[in-house]
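User: Hello! I am new to this structure and would like to learn how to read it, feature by feature. Could you guide me?

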Amino acid sequence: MRLPLLEDLGDVRDKRVLVRSDLNVPLAVSDSDGKTIADDFRIRQAVQTWRWLVDRGAKVTVCSHLGRPKGKPDERYSIEPVRACVQKLVPEVTVLENLRFNAGEEGNDPAFVQELIKDQDIYVNDAFGAAHRSHASIVGPPRFLPSAAGLLLAQEFEMLGNLLEDPPRPFLAILGGAKVSDKIGVIDALLKKVDTMIIGGGMAYTFLKALGHNIGDSICQVDQLDYARRVLDGDKRIVLPTDLIVASPEGDVQTVKREVPEGFEGFDAGPETRTAFADEVLASQTIFWNGPLGMFEDQRFEEGTRTVAEAMAKTAGTTVIGGGDVVSAVNGFGLGDRMDWVSTGGGATLELIEQGDLPGLAALREAPRA
Ligand code: ADP
Ligand code: MG
């Protein structure tokens, strides 16, 4: 299951290297100079591989998708703001236009693969966040060029792989977010590995309802109640919130036990729950966290997510977070640097945990040798 690494490429001096990075960053519109990058985490994480190659004399061309243009050029998704940021960090690299301006990218069209690898000697995949997609730039070039995983991709694979292999115990998984159905694959995969699982955030209400509690107007997936019951009846320890912060549409915010009053909706973990979740973190040797524990976008409901992030920052255990929103939440609290690993993948992180491998990784292993 080993990946070919940059060192396996031999001498890269004067070699032309196509690097697939994941520079799919959120953009914000500013009135002065058009679009700005709202969160450059993925770009900062991508730099190390470009530097490694440039420092060894390679000629580097970087490519990425950005947003969801529908297979044709769309000025709203121009790579330009990303290119400007990249070239400030590593001026030596060339950045191609948004891969998804060509329908061949998502369609994995052989002609588009040929276009990408034209005049290139080597392919490096560093786009962990896109490695679960069988798109042209991910699975195409390694069929033809000597290929390797970039430094970020290799680190992601190692950190997430370690979780699944032989993690120091107790191993705690914390799952939150809005929908149970988004996370069933991950819940099932992690239940086989962990000692304890915290289920919080919006997802918890389906489980609380399955236990027979009143959840008022809280988010709930009634079609997942049987699934929730099965998880609760399983042999792993499941920890759910014992108190909740609820609000009415009029803005009446209350702390309640597990019974949500009529006309109220649950948005965050209550104080007792926050302490209990933090204690679970501090009592564990390995912690994996996906999905925020409340509607953290509203400051009134960020406390559950913040308390757990602070416990994760403090603990001596190995801490790994993955997913889109939980990563923005933790970075927003300024605590990202205090984690052992913050994954750049959303769907890719979850799919690697579920499947143990990804199409982009398999393609690298089958690539011709350098
Ligand atoms: P991630 O991107 O980390 O995998 P998800 O996409 O599954 O997480 O879920 C994130 C969303 O879940 C956030 O927008 C957050 O507001 C929402 N959420 C968390 N708790 C609740 C809740 N109690 N009620 C409604 N939405 C919630
Ligand atoms: Mg999300």
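Analyst: Gladly! Let us begin with Arg42, which sits in helix 1 (residues 41–55). Helices (H or I, at least four residues) and strands (E, at least two) are DSSP runs, numbered from the N terminus. Before going on, two ground rules: this is a predicted model, where local features need pLDDT of at least 70 and side-chain atom pairs count only at pLDDT 80 or more, while totals for chains, interfaces and linings use all residues. Residues are numbered from 1 along each chain as its sequence is written, chains are lettered from A and ligands numbered from 1 in the order in which they are written, and side-chain values use heavy atoms, with hydrogens and water left out.

User: Is Arg42 buried or exposed?

Analyst: The general idea is a relative accessible area: buried means under 20%, exposed over 50%, and partly exposed in between (1.4 Å probe, protein chains only). Arg42 has a value of 18%, so this residue is buried. Contact means heavy atoms within 4.5 Å. Leaving aside residues up to four places away in sequence, Arg42 touches Asp22, Asn24, Val25, Gly129, Thr344, Gly345 and Gly346.

User: Which residues of helix 4 are buried?

Analyst: In helix 4 (residues 110–117), they are Phe112, Val113, Leu116 and Ile117. They lie on the same side of helix 4, because they cover an arc of only 130° around the axis. That arc is taken from the directions from the helix axis to the C-beta atoms.

User: What do the buried residues of helix 4 pack against?

Analyst: Their partners are strand 1 (16–20), helix 3 (103–106) and helix 5 (136–139).

User: And how do I read the two ends of this helix?

Analyst: At the start of helix 4, Asp109 brings a side-chain oxygen to within 3.0 Å of the backbone nitrogen of Ala111. Asn108, in the loop between helix 3 and helix 4, has a phi near 50°, a positive value in a residue other than glycine. Asn108 is partly exposed, at 23% relative accessible area. After helix 4 comes Asp119, with a positive phi near 65°. Asp119 belongs to the loop between helix 4 and strand 6 (122–125) and is exposed, at 51%.

User: Which residues come nearest to ligand 1?

Analyst: A residue is near a molecule if one of its heavy atoms lies within 4 Å of it. Of the 19 residues around ligand 1, the nearest are Lys183, Gly202, Glu297, Asp325 and Val326. A polar side-chain atom of Lys183 is 2.7 Å from an oxygen atom of ligand 1. For Ala178, a backbone N or O atom lies 3.3 Å from an oxygen atom of the ligand.

User: Which element gives the most to the shell around ligand 1?

Analyst: Helix 12 does, with three residues.

Notes
A polar contact is a pair of N or O atoms within 3.5 Å; within protein, one must be able to donate a hydrogen and the other to accept it, and residues adjacent in sequence count only if both atoms are side-chain atoms.
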